[in-house]
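I opened this notebook to record what I looked up in the structure. The entries follow the order in which I worked.

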Amino acid sequence: MAGLADSGSNPDVDLLYDINGLAKEAPHWFDRVMEFVGEWGLLLVMVLLVLWCWWGVRRRGGDDAASSVASLIWAPLAAAVAVLVNVPIRGFVERPRPFVDHEGLEVLIGGKSDYSFVSDHSTLMMAMAVGLFLANRKLGLVGIGLALLGGFCRVYMGVHYPTDVVGGFALGTAVVLLLSPLAVALLSPVVRAVERSPRVGWLVRADRAAGRGKVLPGARSEAEAEERDLAA
């Protein structure tokens, strides 16, 4: 993989220059926007998307609420596991950042001194997106779109090769799908226990909190029952 960075005549490097070249032609303010979006903005939106999905699941309730919440919990956990898996991969491949071996790149963010393959951002984003997809298809597709945009931003910023991004997408997806059955099987009993709790059950189903103060039509309150018993 490191050998790909030694030549400017391969598709990986050519595509790097084509995408990063857009940064040279764009206005300065647009580059600053892309820097924020590619570094933090899309990650924040992805987290908000997962929280939005959780809020909808707990409001909808139903018998499948616990399994859906377990899948949502697995999304950020899978992203963390994927990033940890990437640590030895980076150390084994030892691919320098593109701006180390190639001149003329427009690098929008400094301080990137670690190895390039695989992209942590792409791994993190795609893992959360695929995890979200397992819980909610529509929002998951939106998340995958955000992950793809995030990968484009990393190349645009000049801090990753296209293959770094593709490798991150593959790693994040593989970790989520391969470990999902085991993870959900372990998380579901915990979530169901939380669901049954009178204190924190609202984290899984909103109707659990509403149901505690609900009185069925025609049912006597404890006070009324006690008064009638005393009168008798």
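**Entry 1: S116 and its surroundings**

I began with S116 and, leaving aside its neighbours within four places in sequence, I found it in contact with R90, R95, P96, R97, P98, V159, H160, Y161 and D164. I note that the model is a predicted one. I located S116 in the loop between α4 (98-101) and α5. Is S116 buried or exposed? Its relative accessible area is 0%, and because buried means under 20%, S116 counts as buried. I then looked up its side chain, which makes a polar contact with the side chain of D164 at 2.2 Å.

**Entry 2: D164**

I turned next to the partner of that contact. D164 belongs to helix α7, which covers residues 162-196. I found D164 to be buried, since its relative accessible area is 0%. Which side chain, at 2.8 Å, makes a polar contact with that of D164? I identified the side chain of R95. When neighbours within four places in sequence are left aside, I list R95, S116, F117, V118 and S119 as the contacts of D164. R95 also stands among the contacts of S116.

**Entry 3: N20**

I moved to helix α1, where N20 lies. N20 is buried, and its relative accessible area is 1%. I checked the position of M157, which is 137 residues from N20 along the chain; the C-alpha atoms of the two are separated by 6.4 Å. Which residues touch N20, apart from its neighbours within four places in sequence? I recorded L105, E106, V155, Y156, M157 and G158. For E106 I also noted that its backbone nitrogen lies 2.7 Å from a polar atom of the N20 side chain.

I recalled a general rule: in soluble globular proteins, nonpolar side chains tend to be buried together. In this model, the largest nonpolar core has 50 residues, and M125, L132 and Y156 have the most contacts inside it. At least two residues of this core are supplied by each of α1 (11-25), α2 (28-60), α3 (65-93), α5 (120-135), α6 (137-156) and α7. Which helix gives the largest share? I found that α3 does, with nine residues. I then examined M125: not counting residues up to four places away in sequence, M125 touches L42, L43, M46, L146 and A147.

**Entry 4: The pair α5 and α7**

I looked up how these two helices are placed. The axes of α5 and α7 come within 7 Å and cross at roughly 40°. The two helices are therefore oblique to each other. Their crossing is right-handed. On the side of α5, I listed S122, T123, M126, A127, V130, G131 and L134 as making the contact. On the side of α7, the contact is made by V165, G168, F169, L171, G172, T173, V176, L177 and S180.

**Entry 5: The whole protein**

How many helices and strands does the protein have? I counted nine helices and zero strands. Of the 232 residues in the protein, 43% are buried. I also considered contacts between residues at least 6 apart in sequence: 78% of them join residues at least 24 apart. The contact between S116 and D164 and the approach of N20 to M157 are the examples I kept for my own reference.

Methods: Residues are numbered from 1 along each chain as its sequence is written. This is a predicted model: local features need pLDDT of at least 70, side-chain atom pairs count only at pLDDT 80 or more; totals for chains, interfaces and linings use all residues. Side-chain values use heavy atoms; hydrogens and water are left out. Helices (H or I, at least four residues) and strands (E, at least two) are DSSP runs, numbered from the N terminus. Buried means under 20% relative accessible area, exposed over 50%, partly exposed in between (1.4 Å probe, protein chains only). A polar contact is a pair of N or O atoms within 3.5 Å; within protein, one must be able to donate a hydrogen and the other to accept it, and residues adjacent in sequence count only if both atoms are side-chain atoms. Contact means heavy atoms within 4.5 Å. A nonpolar core is a set of buried Ala, Val, Leu, Ile, Met, Phe, Trp, Tyr and Cys residues joined through side-chain atoms within 4.5 Å. Axes are lines fitted to C-alpha atoms, for helices over the stretch in contact, and angles run from 0 to 180 degrees between N-to-C directions. Angles under 35 degrees count as roughly parallel, over 145 as roughly antiparallel, 65 to 115 as roughly perpendicular and the rest as oblique. A crossing is left-handed if the near helix is turned anticlockwise from the far one by less than a right angle, and right-handed if clockwise.
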